[in-house]
Amino acid sequence: MDWNKKDFFLHERKKRKTRINLTHPPRLLLIVITICQNKHNLPIKKRTINNSKSVGICEIGLDYHYEDTDKEIQRMVFNRQLEIAEKFNKPVVVHSRDSIGETYNILSKYNLKGSIHCYSGSLEMAKLFIKLGYKLGVGGIITFKNAKNIKEVVKNVDLSYILLETDSPYLSPEPYRGSENNPSNIPVIAESIASIKGVTNIDVARVTTANAEEVFDFL
Ligand SMILES: [Zn+2]
């Protein structure tokens, strides 16, 4: 029942702190909807979501990693968040852990675009998400020796479906694995993708930037 566990909040707080510590405040924001158990208490204000700097809703999704999680509540909150995204026509950044099939089934009920962040599923599922209109977020895991799934996905999926991301402060790429991650590691991830796909770093930077602009309507 208690899936709103302490470590989840610590995780989120740490992430938020990282965002706030940016030397230059971001020009654009991703709205963070705090996941909570009460459907009447989704802390989202129309004014916030309609702000011109708000380009998407994140991180929302399903996390079935912990055994004591209440899947029913997670599904209910996820659906509610997707309804809000659809209503305000905002893209979503989706978290999916040990729940890829169900994440897909729920997303397929909505007319949305966005990114499946830190994608770790199979190539087959990747193709289904792409068909649904989603990009695949690729982070530091791509540089890990044993990350077979994501390497196979990156190799076989067109660059136009890939976004670069950090999941900061987690998942630092090699050779920085274990230290706090930050956006300056993005080029390391780009290099890894470039070598897998046999293209240049510049190609990866150019195409993935265009992909992000397309999803979040940065222009
Ligand atoms: Zn996540």
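Val-92 touches Gly-56, Ile-57, Cys-58, Ile-60, Leu-82, Ala-85, Leu-112 and Gly-114, leaving aside residues up to four places away in sequence; two residues are in contact if their C-beta atoms, placed from the backbone, lie within 7 Å. The model is a predicted one, in which local features need pLDDT of at least 70 and side-chain atom pairs count only at pLDDT 80 or more, while totals for chains, interfaces and linings use all residues. Residues are numbered from 1 along each chain as its sequence is written.

Val-92 lies in strand E3. Val-92 is buried, with 30 other C-beta atoms within 10 Å; a residue counts as buried if 20 or more other C-beta atoms lie within 10 Å of its own, as exposed if 12 or fewer do, and as partly exposed in between. Between the C-alpha atoms of Val-92 and Gly-56 there are 5.6 Å, although 36 residues separate the two along the chain.

**Overall organisation**

The protein chain has 8 helices and 6 strands. Helices (H or I, at least four residues) and strands (E, at least two) are DSSP runs, numbered from the N terminus. In order from the N terminus, the elements run α-β-α-β-α-β-α-β-α-β-α-β-α-α. Of the 219 residues, 32% count as buried. Among contacts between residues at least 6 apart in sequence, 63% join residues at least 24 apart.

**Helix H4**

In helix H4 (residues 100-107), the buried residues are Ile-100, Thr-103 and Leu-107. These residues lie on the same side of H4 because they cover an arc of only 60 degrees around the axis, the arc being that of the directions from the helix axis to the C-beta atoms. Gly-101 and Asn-105, on the other side of H4, are exposed. The cover over the buried residues of H4 includes strand E2 (54-63), strand E3 (92-97) and helix H5 (123-132).

| Helix | Residues | Residues in the contact |
|---|---|---|
| H6 | 148-156 | Lys-151, Val-154, Lys-155 |
| H7 | 186-197 | Ile-193, Ile-196, Lys-197 |

H6 and H7 pack at an angle of about 65 degrees, with their axes 9 Å apart. Axes are lines fitted to C-alpha atoms, for helices over the stretch in contact, and angles run from 0 to 180 degrees between N-to-C directions. The residues of this contact divide into 3 nonpolar, no polar and 3 charged; Ala, Val, Leu, Ile, Met, Phe, Trp, Tyr, Cys and Pro count as nonpolar, Asp, Glu, Lys and Arg as charged, and the others, Gly among them, as polar.
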